[in-house]
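Trainee: Could we take a close look at one part of this model, the surroundings of the ligand, and then move on to the charged pairs elsewhere? I would like one connected account.

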Amino acid sequence: MRIDDALGRPLRDLRISVTDRCNFRCVYCMPKEVFGRDYAFLPREELLSFEEIERLARIFVRHGVEKIRLTGGEPLVRRDLELLVAMLARIDGLDLTLTTNGSLLPHKAQALADAGLGRITVSLDSLDDEVFRAMNDVDFPVERVLAGIEAAAAAGLTPVKVNMVVRRGLNEDSVLPMARYFRESGHILRFVEYMDVGHTNGWRLDDVVPAAELVAAIRAELPLEPVEPAYRGEVARRWRYRDGGGEIGLIASVTQPFCGDCTRARVSADGKLYTCLFALRGHDLRAVLRSGASDDELSRAIGDVWRVREDRYSELRTAETADIPKVEMSYIGG
Ligand SMILES: C[S@@+](CC[C@H](N)C(=O)[O-])C[C@H]1O[C@@H](n2cnc3c(N)ncnc32)[C@H](O)[C@@H]1O
Ligand code: SF4
C-alpha cells in the first residue's frame, strides 16, 4: 500500500547502509583525524543481519519502494555481500543497485552480477593519481578503480554510473579530464556538489562548486544540451553531448535542492530509519524487528514515520544550519 508523507511525497526509494566501515578515508567523508584507529565502529551484533535486511526490504516494497540501493561505508567490505544481493534480487519488480568506491570490484563484480545485482555506481573523484590518492587518503591508485569500473561493465552491471564529488580547491581541475575520459565510454559520469553532511568534514559554502558553473565549464569545450527527467524524483539533472557522445548528470543538492520530489528513505547499518540525509535522529527499526514484531507491526512502524515526514533540509539550508549536528554520511549511507 502506497504511503505519502505530510508533503504528499510517496515512498519509492530506499538506501540501505550495510556497514559503517570503509577501506578509504576520503577527506570529505571519513577524515582520518576522526575516523582513526580508536574510532568506535558498530560492533557486529549491532548490524542488521542479512535476514533482517531482507525482511525489512520486503515490507518497504509493500509500501511502494521500487528501488533499493546498497551503500555504506563501503558496502563491499561487508563479508559475503553477494549473499544479501541474491536474497534481495528475489524480490519481484525491484530495481537493485549498489554504490561503491570500486576498490574491490575487480574481484567482486562478477559475483555481484551473478547474484542478481542490476546496476552499479562507482565513486571516483579524479583521474589524477596524486589528487585521488590524497582525496581517498589511503594512497589508493586511480588505475585500480578504473579496473573496477571495467570489471563491472564486463559483468553486465550497466550502464555504470561514475560519481565525482567536486570540492573547490581540491579536485576542480579534474572536472574536464573526467568529462573527456568518460565521454563515449558508455559509462555515465555524474558530478556531485559537495554537501554539508555530518559534522566532521568542516564544510563551508565556499567549498561548493555550483552545478551551473560545472556545466558552463564543460559546455565551453564539449557542447551539451539538457535532457528531460526520466521520472519524478530523479536526482540528477541530465545533459547530453550534442554530438551523441553520451550524457552526464549533475547532482546539485546544495544549489538546486530537490526536496519537493524526494521519495527516499534510508536505513543505517544498525537499522535506524532516516527520512532525510540531514535528519538529526533515526527511528529504531532494529528494536522493533528484534522485539518479535509481526510484519504488520513493522509495516505500521514504517508507515507511522513516513506519513508525518516533512523534511526539506536542503531547501531551508542557510549558513547557520550548516553548523547544526548531523549524522555522518558513512553511517547513514550516501
Ligand atoms: C558515503 S559513500 C558510500 C559508498 C561508497 N563507499 C562510495 O564511496 O561510493 C556514497 C557517496 O557519497 C559521496 N559523499 C560522501 N561525502 C559527501 C559529501 N560531503 N558531499 C557529497 N557527496 C559525498 C561519496 O563520494 C560517494 O559517492
Ligand atoms: S566516500 Fe565512500 S569510500 Fe570515501 S570514505 Fe566515504 S564511505 Fe569510504
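Mentor: Happy to! The residues of the shell around ligand 1 divide into eight nonpolar, nine polar and two charged. Please keep in mind that this is a predicted model. The shell has 19 residues, and those that come nearest to the ligand are Tyr28, Gly73, Ser123, Val165 and Met195.

Now for the polar contacts. The side chain of Tyr28 has an N or O atom 3.0 Å from an oxygen atom of ligand 1. In the side chain of Glu74, an N or O atom is 3.2 Å from a nitrogen atom of the ligand. Met195 takes part through its backbone: a polar backbone atom of this residue is 2.8 Å from a nitrogen atom of ligand 1. On its own, ligand 1 has 540 Å² of accessible area, and the protein covers 94% of it. The elements that give two or more residues to the shell are β3 (95-100) and β6 (188-193).

Let us turn to the charged pairs. Side chains of opposite charge can pair when their charged atoms come close.

Start with Arg12 and Glu66, which form a salt bridge whose closest N and O atoms are 3.5 Å apart. Arg12 is in the segment before β1 (13-17), while Glu66 is in the loop between α1 (50-62) and β2 (67-71), so this pair ties together parts that are 54 residues apart in sequence. Arg12 counts as partly exposed, at 25% relative accessibility, and Glu66 is also partly exposed, at 42%.

Next come Glu221 and Arg180, with a salt bridge in which the closest N and O atoms are 2.7 Å apart. Glu221 belongs to helix α7 (residues 211-221) and Arg180 to helix α6 (residues 175-182), so the bridge ties together parts that are 41 residues apart in sequence. Glu221 is partly exposed, with a relative accessible area of 37%; Arg180 counts as partly exposed too, at 43% relative accessibility.

Glu184 and Arg183 form another salt bridge, with 3.6 Å between the closest N and O atoms. Here Glu184 counts as exposed, at 60% relative accessibility, whereas Arg183 is buried, at 18% relative accessible area.

Finally, there is a network to look up in your viewer: salt bridges link Asp5, Arg9 and Arg309.

Definitions and conventions: Residues numbered from 1 in each chain as written. Chains lettered and ligands numbered in written order. Predicted model: local features only at pLDDT ≥ 70, side-chain atom pairs only at ≥ 80, totals over all residues. Heavy atoms only, no water. Near = heavy atom within 4 Å. Polar contact = N/O pair within 3.5 Å; in protein donor to acceptor, adjacent residues only side chain to side chain. Areas by Shrake-Rupley, 256 points an atom, 1.4 Å probe, with all protein chains shown as cover. Helix = DSSP H or I, 4+ residues; strand = E, 2+ residues; numbered from the N terminus. Nonpolar A, V, L, I, M, F, W, Y, C, P; charged D, E, K, R; others polar. Salt bridge = Lys/Arg side-chain N within 4 Å of Asp/Glu carboxyl O. Buried < 20%, exposed > 50% of the residue type's maximum accessible area, 1.4 Å probe, protein only.
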